[in-house]
Amino acid sequence: MKRKWNWPIWVGFVVAMGGLFSYEFFAQFPITRDFPWANLLLFGIGAALLLVGLFRAFGRPQLYRGKVFGSSFAAVSLFLFAFFAYEIFYVLRQVPLSAQAPRVGEKAPEFSLPDQNGKQVALTDLLSPNGAVLIFYRGHW
Amino acid sequence: MRSFQKRFSEFTARGVHIAAISVDSVEINRGHAQKMGFTFPLLSDAGAGVIRRYDVLHRGAGPKNNDIARPAEFYVDANGTVQWVNLTENIAVRARPEQALSAIDATKAGRRD
């Protein structure tokens with residue numbers, strides 16, 4: 001008897017991959033970037049589907065395919081999730097302490113730097129009339 | 001930074017400038033500003049001298065293990081005094097414009113008293 005296609009394994013795998021590769025998309029919006037709940041949700045749905053598929057494959061192997069590739073897909077998904085969790089919950093939190101950064105009440109160090117048109121801009125140019133917000137950022141690549 | 005651009009007029013209305021600082025070159029900043037529609041200056045601190053002076057250097061964190069700035073936001077008042085500092089503990093979590101705006105408003109209110 002030909003065994004049935006075990007679709008939850010495939011769909012679960014694709015959804016779990018989506019959990020990782022959609023990070024760049026969701027990182028555009030502060031609400032899904034500050035905490036990556038959208039990605040974690042995708043990983044969760046993927047895991048649930050993979051589990052359903054594996055239960056089918058191992059519980060009723062005469063009816064469903066997927067013992068071998070189901071296990072492989074689950075292992076790959078687990079690895080992707082581990083990588084994602086490591087990046088999100090460890091690597092992104094490795095920020096220098098910046099203990100010597102200017103504090104509230106201290107004078108901001110003066111500077112003069114070229115803007116995107118090559119024009120020099122000094123801090124003093126920015127302070128009138130009501131001060132300036134300085135945003136230090138990692139850069140564009 | 002896009003969220004600050006979106007609410008740029010609220011900073012202008014308060015007489016407050018915005019400037020963004022990174023190690024990126026003037027050329028990269030020109031392209032980036034055009035692409036993203038940034039109307040505030042993107043300042044190029046290629047040697048990271050200013051970034052070091054503000055102690056917001058992140059060693060080896062760049063794409064080629066070069067030194068770059070960590071995310072950090074300051075509000076400096078008209079006298080050059082720091083009134084608000086935001087040093088995130090997570091690279092993905094940046095200051096929202098409303099945080100800076102309320103710091104600006106609090107500073108203004110404090111001066112009136």
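Trainee: How many helices and how many strands does the secondary structure of chain A come to?
Mentor: Chain A has six helices and three strands, where helices (H or I, at least four residues) and strands (E, at least two) are DSSP runs numbered from the N terminus. This is a predicted model, in which local features need pLDDT of at least 70 and side-chain atom pairs count only at pLDDT 80 or more, while totals for chains, interfaces and linings use all residues. Residues are numbered from 1 along each chain as its sequence is written, and chains are lettered from A, with ligands numbered from 1, in the order in which they are written.

Trainee: And in what order do the elements of chain A run from the N terminus on?
Mentor: They run α-α-α-α-α-β-β-α-β. The radius of gyration of chain A is 25 Å, well over the 14 Å that the globule rule gives for 141 residues, so chain A is more spread out than a compact globule. That radius is taken over C-alpha atoms, and the globule rule is 2.2 Å times the number of residues to the power 0.38. Along the principal axes, the C-alpha atoms of chain A fill a box of roughly 80 × 30 × 20 Å.

Trainee: What about chain B, how many helices and strands there?
Mentor: Chain B has five helices and six strands, and from the N terminus on its elements run α-α-β-α-β-α-β-β-β-β-α. Its radius of gyration is 15 Å, close to the 13 Å from the globule rule for 113 residues, so chain B is as compact as a globular protein of that length. The C-alpha trace of chain B spans about 50 × 30 × 25 Å along its principal axes.

Trainee: Back to chain A, at what angle do α1(A) and α5(A) pack?
Mentor: Helix α1 (residues 7-21) of chain A packs against helix α5 (residues 67-89) of chain A at about 15°, with the axes 10 Å apart. That makes α1(A) roughly parallel to α5(A). The axes are lines fitted to C-alpha atoms, for helices over the stretch in contact, and angles run from 0 to 180 degrees between N-to-C directions. Angles under 35 degrees count as roughly parallel, over 145 as roughly antiparallel, 65 to 115 as roughly perpendicular and the rest as oblique.

Trainee: Which residues make that contact?
Mentor: On α1(A) they are I9(A), F13(A), A16(A), M17(A), G19(A) and L20(A), and on α5(A) they are G70(A), F73(A), S77(A), L80(A), F81(A) and F84(A). Two residues are in contact if their C-beta atoms, placed from the backbone, lie within 7 Å. The residues of this contact divide into nine nonpolar, three polar and no charged. Ala, Val, Leu, Ile, Met, Phe, Trp, Tyr, Cys and Pro count as nonpolar, Asp, Glu, Lys and Arg as charged, and the others, Gly among them, as polar.

Trainee: How does α4(A) sit against α5(A), parallel or antiparallel?
Mentor: Helix α4 (residues 37-59) of chain A and α5(A) pack at about 160°, with their axes 10 Å apart. That makes α4(A) roughly antiparallel to α5(A).

Trainee: And how do α1(A) and α4(A) cross?
Mentor: Their axes come within 7 Å and cross at roughly 160°, which makes α1(A) roughly antiparallel to α4(A). Among the residues that meet are P8(A) and V11(A) in α1(A), and L42(A) and I45(A) in α4(A). By class, this contact has 13 nonpolar, six polar and no charged residues.

Trainee: Switching topic, how many residues does each chain give to the contact between A and B?
Mentor: Chain B gives 61 residues and chain A gives 43 residues. The side of chain B that touches chain A has 37 nonpolar, 13 polar and 11 charged residues.

Trainee: Which strands of the two chains are joined by five bridges?
Mentor: Strand β3 (residues 132-136) of chain A and strand β5 (residues 72-76) of chain B are joined that way, and they run antiparallel. V76(B) in β5(B) is the bridge partner of A132(A). Two strands pair if DSSP finds at least two bridges between them.

Trainee: What is the strand order of the open sheet?
Mentor: The open sheet of five strands has the order β2(B)-β1(B)-β3(A)-β5(B)-β6(B), with mixed pairing. At the edges stand β2 (42-44) and β6 (82-86) of chain B, each with a single partner strand, so one side of each is left without a neighbour in the sheet. The twist averages 20° from one strand to the next. β5(B) and β6(B) pair in the antiparallel sense over four bridges, and E73(B) stands opposite N86(B) in β6(B).
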